[in-house]
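Have it open while you read.

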Amino acid sequence: SIKTTMRCQPTITSRPTVTVFSSIQGIAESLRHADPNLPLQVVQDEALCGYGGTVEFNPSALSTQTKTILQQAEILISEPAVVAALLDHDSSALSSLKWCQSTYAGVDPLFNSSFVSSSTIIPWKLTRFAGCFGPPIAEWCIARIIEHERSFVATAKDQLQKSWAGSRDAVTNYRYLSSMTLTILGCGDIGRCIARAAKAFGMKTVGYVRTIPSSSNNDNRNVAEETGVDEYTTDLTSALQSGDYIVSVLPSTPTTRGLLSNGALKAASTEKGGLCPVFINVGRGDVIDEKCLLEALDKKFISGAILDVFVEEPLPTNSGLWSRPDVIVSPHVSGLTQASDVPKVFLSNYQRYVENDRSTSELKFLVDWKKGY
């Protein structure tokens, strides 16, 4: 079904229509609440559904009416995986598009699509859903660290068996967070938010980055206070050796895919001077392939893995990760898009778009098609 709301202010004649085609419920309602006069076109089609961070979309099942609406869309709000599948199915499916607002921070499905890889020029701009995922992902990471240290899973099993401290060694032997170091691979908005949350519990933080940042007032002593990161390094080996916990927030780019594969995690082993850390991944699954991750666990390069992202999602039932007691599998839910956050990200950019005569040059959070993020 197609729902159209065209309530334009009389004094504004050039506000373009925003087409919403998303599996995330409530986006249109949030936009209407924030801007009752926003021209909206909400597309609902049985070919698209989803839950949490999982999208189910069959572009071949789209109705004719939906196809027509999408071909006429100038501004589109949608998931990267939906846009990628749509264009791989029909490269002309978004022939009028000028600007696509992603509903996710990660846009790698588009860069993995045959449409983008085979196109020399992408005629429209893509903006990331940025600035909202730091706090929820930081909460998830700290919660998982505490859960792991305090053996909440073992306590839950003891309760089911009516066994008081049955898992005695697990529930009575733990470390204070303030005694440990958290290494963060990727110190963008989300990574820095995780660092600040860790610092609140007294953890030392080490950040792995491509370029070591300087303070906003050129006083490097203030960098830690501003970012939450005590030490920065561009040396991956040093970063891996420093942490009791290592959390990857790295996106999927040509330089990060497979970064931790091929024995890279051996640097974290006690044999190589590391701390045999727990590896947490909330970035992208392809930073390490499953075979290399299982090898790192088997050879005790790392002591455990807490995973919210995977190379293939949903994780196949035959994956060796499911049955391992040293692995926690989470269905990509550490930072979900909340419909109420969409206006915060989208409407300021929409205003820029309108004020600049529908030019995309001034949009914030633009994705660089050449860099891959």
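How far apart are the mean positions of the positive and negative charges of the chain?

1. On the charges: the chain has 34 positive and 38 negative ones, and their mean positions are 2 Å apart. Lys and Arg count as positive, Asp and Glu as negative, while His and the chain ends are not counted. Each charge is placed at NZ of Lys, CZ of Arg, CG of Asp or CD of Glu.

2. Before you go further, a word on what this is: a predicted model, where local features need pLDDT of at least 70 and side-chain atom pairs count only at pLDDT 80 or more, while totals for chains, interfaces and linings use all residues. Residues are numbered from 1 along each chain as its sequence is written, and side-chain values use heavy atoms, with hydrogens and water left out.

3. Overall build: there are 13 helices and 15 strands in the chain (DSSP runs numbered from the N terminus, H or I of at least four residues for helices, E of at least two for strands). With a radius of gyration of 23 Å, close to the 21 Å from the globule rule for 373 residues, the chain is as compact as a globular protein of that length. That radius is taken over C-alpha atoms, and the rule is 2.2 Å times the number of residues to the power 0.38. The C-alpha trace spans about 70 × 55 × 40 Å along its principal axes.

4. Of the contacts (heavy atoms within 4.5 Å) between residues at least 6 apart in sequence, 71% join residues at least 24 apart.

5. If you were wondering about disulfides, the structure holds zero, counting a pair of cysteine sulfur atoms within 2.5 Å as one. The sulfur of Cys100 has its closest cysteine sulfur in Cys132, 16 Å away, which is too far for a bond. Cys187 is in no disulfide either, and its nearest cysteine sulfur, in Cys193, is 12 Å off. Cys100 is buried at a relative accessible area of 1%, and Cys187 is buried at 11%.

6. Lastly, Pro213: look for it in the loop between β10 (204-208) and α10 (223-227). Pro213 is partly exposed, with a relative accessible area of 31%. Leaving out residues up to four places away in sequence, Pro213 touches Val223 and Tyr232. Arg32 is 181 residues from Pro213 in sequence and 39 Å from it in space, C-alpha to C-alpha.

Key. Buried < 20%, exposed > 50% of the residue type's maximum accessible area, 1.4 Å probe, protein only.
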